[in-house]
Amino acid sequence: MKKGRRNFLKIAGISALGLGAKPVLDVFASSEEDAVVEAPAEPRIMRGPNAMTAPQWAMVIDTRKIESHSDVEPMIEACHKIHNVPEMPDKKHEIKWIWETEFKHAFPNLAGEYMSKRVEHLGLPVLCNHCENPPCVRVCPTKATFRNSQGIVMMDYHRCIGCRFCMAACPYGSRSFNFFDPKPHIEEENKKFPTRMRGVVEKCNFCAERLAVGRKPACVEASNGIMAFGDLHDPRSEVREIIDSNYTIRRKQNLGTRPAVYYII
Amino acid sequence: MLELAIKGSKKYYGWLAVVLAVIGAGFVTYLWQYFTGLGITGLSRDVSWGFYVAQLTFLVGVAAAAVMVVLPYYLHDYKAFGRITILAEFLAIPSVLMCLLFVLVDLGQPMRMLNVIFYPTPNSVLFWDMIVLNGYLLLNLVIGWNVLEAERHGVHYPHWVKPLIYISIPWAVSIHTVTAFLYAGLPGRGFWLTAIMAPRFLSSAFAAGPSLLILLCLLIRRISNFDPGREQIQSLAKIVTYAIILNVFFFLCEVFTVFYSQIPEHMDHFKYLFVGYHGHGALIPWMWTAMGLMVFAIIMLVIPSVRRNEATLAIACIAIFIGTWIDKGLGLISAGFIPNPLHEVTEYIPTVPEIIITLGVYGIGALVLTVLYKMAISIKEGEASA
């Protein structure tokens, strides 16, 4: 009984000391805030000094400037190289963020039997449309795919459970699934961008990681002026100037997804 | 009550051994899939859902057998069904369990499955499907177990079970509706984008579920001392007849809308299934077989003498079960992806490992069904002899 009481007092004393010391430690920590990086309770995402931001990023692809396959190839290569997109041996398990396709596949509801020969044989780049009303985000059961504050439809590869509901929902076939471990099929790994694991979905991210350091998407840089990129809501942005002065179309506009990739045919 | 399931004849144990062997083969194959990836299946970038999701869709229907018995018994006081409600409820349990397992084996990252609960997303139909399927499983387990336990002791089941029974009736409708909504709300998939999807799911469910229940009743009569009853089987047969007619009617409604409107995005998938699309048509013989079986079953069942003869009734039930299985378990899911949104064709054929894993899941369903039915029948037999 006596011993119990003594122990209680001891513990109480130590606890009191601990409680008393906490504010002291806090003051100490705050006075050295500049020097010591303290882990904040809630992780904060800081914006880089050169970061480019927009309420809705958009892209215009001027297909009139595409003359041959070799005009599109560099865009695909630039993207797939920096994003560690693997070259899967079986076409069924293909991973692609941006690829080249014919008009009748990109715009199946617009293609006809008789049409301009140039357009008919045109190979045009297709990618995620970063819809303003994305069905893939609507169906994801874990919010692993989401629309960020800049209108980019992003993927959290660590939260994705691989249910592939988003692949069923996307009307553009823009999503790929890692049927096997992709790492052995990456030719040269870019250490600055994460690789993915098997069992998750991936797709174009509008180069969010490059925008964060003030650089335009890799495909745009490699496009030799075929692609323009900018803030859709800013009337003076490059994309808006093009959209305002040219007739543009978007893929499957009738579905109400409001794609952010515009095409001039 | 579980102790009743471990007392059985040599034949009973032989059957359990066969089922366990199938489960074992499925499990080992699943481990292979788990460690290498879903690439060992026939799935592809274009056809990203296949056999597993299709079985989930079909088995949601089989689970409906329960409501077709529970509703007449509890809401219309149709006493005859009192004898077989437990069989219907105990059929729903393994069916829904298999549905959940088919979701699990279809996931690319099954270890992250609980993310659906950690990050609940009410705008996702899959989130609601998880709720309704688990809820239906739990409801049937609690109701079936308590009612049977009470029956064993010759007392009335506890009063708190009654509201659960009433809830289970609309809940059964919800599992089909929500599962149909998984597909029916996707803008780019013309095959599924139809308001008749949920009604079609319900009609095929009310045909397939009670059909299987009739077959199980006939089997139970043959291998045990419990007779589920001739009247019960005949009443189920009438339900099946109406449901399969409705199912074919709803399908024809869909065919009319699609082909009279002539909208390619809706027509192409039907063409792929029944006549082939740009030279592709792996499922053509299957789909015509399914249609043939359903029509054949309707003709049989509307003839009273054929329906009343239990041997011919059994044939019709087998035809319906296989027909609806092909329709939902084979055609409905993959055809939604063929052609793909870019109007390209990648065909889908399940691989051997995929089929073994599927059989393994069916094995688990058979095991659970056997154990539950063994318990129920042992108690029913005890009543009969007492």
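Guide: Let us begin with a term: contact means that heavy atoms lie within 4.5 Å. This is a predicted model, and in chain A residues 24 or more positions apart account for 65% of the contacts with a separation of 6 or more.

Visitor: What else describes chain A as a whole, and how many helices and strands does its secondary structure come to?

Guide: The secondary structure of chain A comes to nine helices and nine strands. Of its 265 residues, 48% count as buried, and of its accessible surface of about 14300 Å², 55% belongs to carbon and sulfur atoms.

Visitor: Why is A:K96 called buried, and what is A:E94 called?

Guide: Buried means under 20% relative accessible area, and partly exposed lies between that value and 50%. A:K96 has a relative accessible area of 12%, so A:K96 is buried, whereas A:E94, at 24%, counts as partly exposed.

Visitor: What makes the pair A:E94 and A:K96 a salt bridge?

Guide: The rule asks for a side-chain nitrogen of Lys or Arg within 4 Å of a carboxyl oxygen of Asp or Glu. The N to O distance between A:E94 and A:K96 is 3.4 Å, so the pair meets the rule. By this rule the count over all chains comes to 22 salt bridges.

Visitor: What makes the pair B:E310 and B:R221 a tie between parts of chain B?

Guide: The side chains of B:E310 and B:R221 meet in a salt bridge with an N to O distance of 2.5 Å. B:E310 lies in helix α13 of chain B and B:R221 in helix α8 of chain B, so the pair ties together parts that are 89 residues apart in sequence. B:E310 is buried at 16% relative accessible area, while B:R221 counts as partly exposed at 27%. Salt bridges that share partners join B:R221, B:D227, B:R230 and B:E310 into one network.

Visitor: Why is helix α10 of chain B called largely enclosed?

Guide: Eight of the 11 residues of helix α10 (residues 264–274) of chain B are buried, so this helix is largely enclosed by the rest of the structure. Among the buried residues are B:H266, B:D268, B:F270 and B:F274, and what covers the buried residues of α10(B) includes α9 (230–261), α11 (284–302) and α13 (310–336) of chain B. Just after α10(B), B:G276 takes a positive phi of about 100°.

Visitor: Which residues touch the most other members of the largest nonpolar core?

Guide: Of the 193 residues in this core, A:M59, B:W192 and B:Y373 touch the most other members. The largest share of this core, 15 residues, comes from helix α8 (residues 197–223) of chain B. Leaving aside neighbours within four places in sequence, B:Y373 is in contact with residues including B:L87, B:F90, B:L213 and B:I220.

How values were computed
Residues numbered from 1 in each chain as written. Chains lettered and ligands numbered in written order. Predicted model: local features only at pLDDT ≥ 70, side-chain atom pairs only at ≥ 80, totals over all residues. Heavy atoms only, no water. Core = buried A, V, L, I, M, F, W, Y, C linked by side-chain atoms within 4.5 Å. Buried < 20%, exposed > 50% of the residue type's maximum accessible area, 1.4 Å probe, protein only. Helix = DSSP H or I, 4+ residues; strand = E, 2+ residues; numbered from the N terminus. Areas by Shrake-Rupley, 256 points an atom, 1.4 Å probe, with all protein chains shown as cover.
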